Amino acid sequence: MSYLAHQDDVHSAALAPEIKMRIAGLTKKYGATTALHPVDLEVRSGELLTLLGPSGSGKTTLLQLICGLTAPNGGQLFIDGINKTLAPTHQRDIGVVFQNYALFPQMTVQENVAFPLQMRRTSRAESDKRIKHALEIVGLANYGHRFPGELSGGQQQRVALARCLVYQPSLILMDESLSALDRQLRENMQVEIKRIHRETGATIIFVTHDQEEALALSDRVCLMNAGRIEQIGTPLEIYERPQSAFVANFIGISNIVSGQVTASGQLASADGLMPLPDGFTPAQNNSSATMVIRPEYIELADHGGYLHGDVVETIYVGSETRLLIKLASGTLITARQSAGQKSRQLGERVFLRWQTSHARLLAG
Ligand SMILES: Nc1ncnc2c1ncn2[C@@H]1O[C@H](COP(=O)(O)OP(=O)(O)OP(=O)(O)O)[C@@H](O)[C@H]1O
Ligand SMILES: [Mg+2]
């Protein structure tokens with residue numbers, strides 16, 4: 001390859017990351033219910049993407065369409081650039097880990113992990129090598145002889161993951177696969193999945209309804225709502241720049257105040273005038289709008305501020321105290337009081353302000 005050709009390759013690779021999976025207008029109906037409205041989505045090679053959304057938003061439906069467990073009513077699906085819309089599951093090079101890990105109880109861990117290789121008629125020597133490696137990756141190298149009933153929930157979960165990793169799929173789908181675990185185990189498994197993702201370079205699509213889990217794990221989060229994609233972005237983009245009130249509400253705690261944009265460049269709410277956030281575009285003048293401010297950006301003062309209200313609840317959560325502040329209109333605002341800050345009492349009147357760079361303005 002000439003030096004110039006090589007330069008071109010590098011250039012085009014930088015412009016367009018390799019796309020592992022592309023979905024165009026994929027849709028699914030169950031009778032009169034539209035579980036998935038036409039959806040477009042690109043997942044990059046080696047990416048860990050989470051599908052996040054409330055119950056019934058279409059996460060499992062989308063996952064089932066990707067792995068071929070159900071057929072779409074329209075649209076197309078490409079894996080590595082090849083149309084796989086109607087291909088059977090085994091022709092998609094996909095590994096799936098479901099919430100109920102469905103291990104065979106009468107088989108040992110070793111036999112469970114060997115199962116997909118037997119189905120693929122892999123040689124004995126190659127199988128042994130791969131099983132050993134898969135069990136090492138999930139930290140169960142010494143558990144091969146045990147039966148699933150002799151393992152903890154988290155260990156069973158890791159066997160299910162090893163059984164998926166053993167045939168080295170380049171695309172792994174995981175549906176709520178940590179939700180049955182307790183908090184400590186779940187956090188350990190999140191660290192494990194991040195490590196496995198790094199070590200194997202596999203593309204992972206991970207379904208969860210837990211927003212903290214999505215933010216902790218993902219390269220990008222795809223937030224779903226009522227069968228549609230509401231927003232796709234890095235955890236930081238989703239958290240800091242929600243594009244709708246739904247996203248702001250679903251990801252962490254958000255304070256939302258509605259009002260009208262005034263000609264003088266403020267948002268007039270029932271509780272006071274607030275300066276518009278940085279980057280505001282005048283086209284939204286005189287329209288209804290919603291201001292979104294995260295609790296950590298609310299500054300409390302004894303006077304002044306844009307809004308004021310009374311402390312109606314203090315909630316101690318270990319690392320901080322959350323204050324619920326009720327405005328005259330009844331709107332509740334959540335603020336944080338970290339260690340070292342002036343402590344506020346129930347019933348106390350407080351005045352609220354924030355840096356305009358920390359607020360977001362949404363239409364409507
Ligand atoms: N087999 C089915 N028959 C009829 N309706 C279905 C079927 N499967 C899913 N649905 C409906 O499609 C919608 C999306 O369901 P889906 O299972 O994809 O949601 P989800 O986001 O995975 O929710 P959860 O977080 O509860 O698992 C829901 O309204 C659901 O009732
Ligand atoms: Mg589901």
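What covers the buried residues of α3? In this predicted model, the cover includes α4 and α5.

The protein chain holds nine helices and 20 strands. Its C-alpha atoms fill a box of roughly 75 × 55 × 50 Å along the principal axes. Of the 364 residues, 44% are buried. Contacts that reach across the sequence are also found: taking those between residues at least 6 apart, 68% join residues at least 24 apart.

Strand β1 covers residues 19-30 and strand β2 covers residues 33-44, and eight bridges pair them in the antiparallel sense. The two strands form a hairpin with two residues between them, where Gly31 has a positive phi near 60 degrees. Strand β1 is also joined to β4 (residues 74-79), again antiparallel, through five bridges. Ile23 makes a handy landmark here, as it stands opposite Leu41 in β2 and has Leu77 as its bridge partner in β4.

Next comes an open sheet of six strands. Read across, the order is β6-β7-β8-β3-β9-β10, and the pairing is mixed. The edges are taken by β6 (94-97) and β10 (228-233); each has a single partner strand, so one side of each is left without a neighbour in the sheet. On average, neighbouring strands of this sheet are turned by 20 degrees against each other, direction ignored.

Helix α2 (residues 59-67) lies across β3 (48-52), β6, β7 (171-175), β8 (203-208) and β9, and runs at about 150 degrees to β7. Helix α5 (residues 153-165) packs on the sheet as well, where it touches β6 and β7; the direction of α5 makes about 170 degrees with that of β6.

The axes of α3 and α5 come within 7 Å and cross at roughly 30 degrees, in a right-handed crossing. On the α3 side, the contact is made by Val109, Asn112, Val113 and Pro116, and on the α5 side by Val159, Ala162 and Arg163. Sorted by class, these are five nonpolar, one polar and one charged residues.

The other helix named as cover for α3 is α4. Helix α3 (residues 109-119) packs with α4 at an angle of about 120 degrees, and their axes are 10 Å apart. The two helices are therefore oblique to each other, and α3 passes α4 in a right-handed crossing. Here Val109, Gln110, Val113, Ala114 and Leu117 of α3 meet Ser127, Arg130, Ile131, Ala134 and Leu135 of α4. This contact has seven nonpolar, two polar and one charged residues.

The residues of α3 that are buried are Val109, Asn112, Val113, Ala114, Pro116 and Leu117. Among them, Val109 and Val113 take part in the contact with α5 and also in the contact with α4. Just after α3, the backbone of Arg121 takes a positive phi of about 55 degrees.

The loop between α4 (124-137) and α5 contains Asn142. Asn142 is exposed, because its relative accessible area is 65%, above the 50% cut-off for that class. Lys132 lies 10 residues away from Asn142 along the chain, and the C-alpha atoms of the two are separated by 9.6 Å.

One of the residues involved is Asp310, whose bridge partner in β19 is Arg349.

Technical notes. Residues numbered from 1 in each chain as written. Chains lettered and ligands numbered in written order. Predicted model: local features only at pLDDT ≥ 70, side-chain atom pairs only at ≥ 80, totals over all residues. Heavy atoms only, no water. Pairing = 2+ DSSP bridges. Helix = DSSP H or I, 4+ residues; strand = E, 2+ residues; numbered from the N terminus. Axes fitted to C-alpha atoms, helices over the stretch in contact; angles between N-to-C directions. Contact = heavy atoms within 4.5 Å. Buried < 20%, exposed > 50% of the residue type's maximum accessible area, 1.4 Å probe, protein only. Parallel < 35°, antiparallel > 145°, perpendicular 65-115°, else oblique. Left-handed = near helix turned anticlockwise from the far one by under 90°. Nonpolar A, V, L, I, M, F, W, Y, C, P; charged D, E, K, R; others polar.
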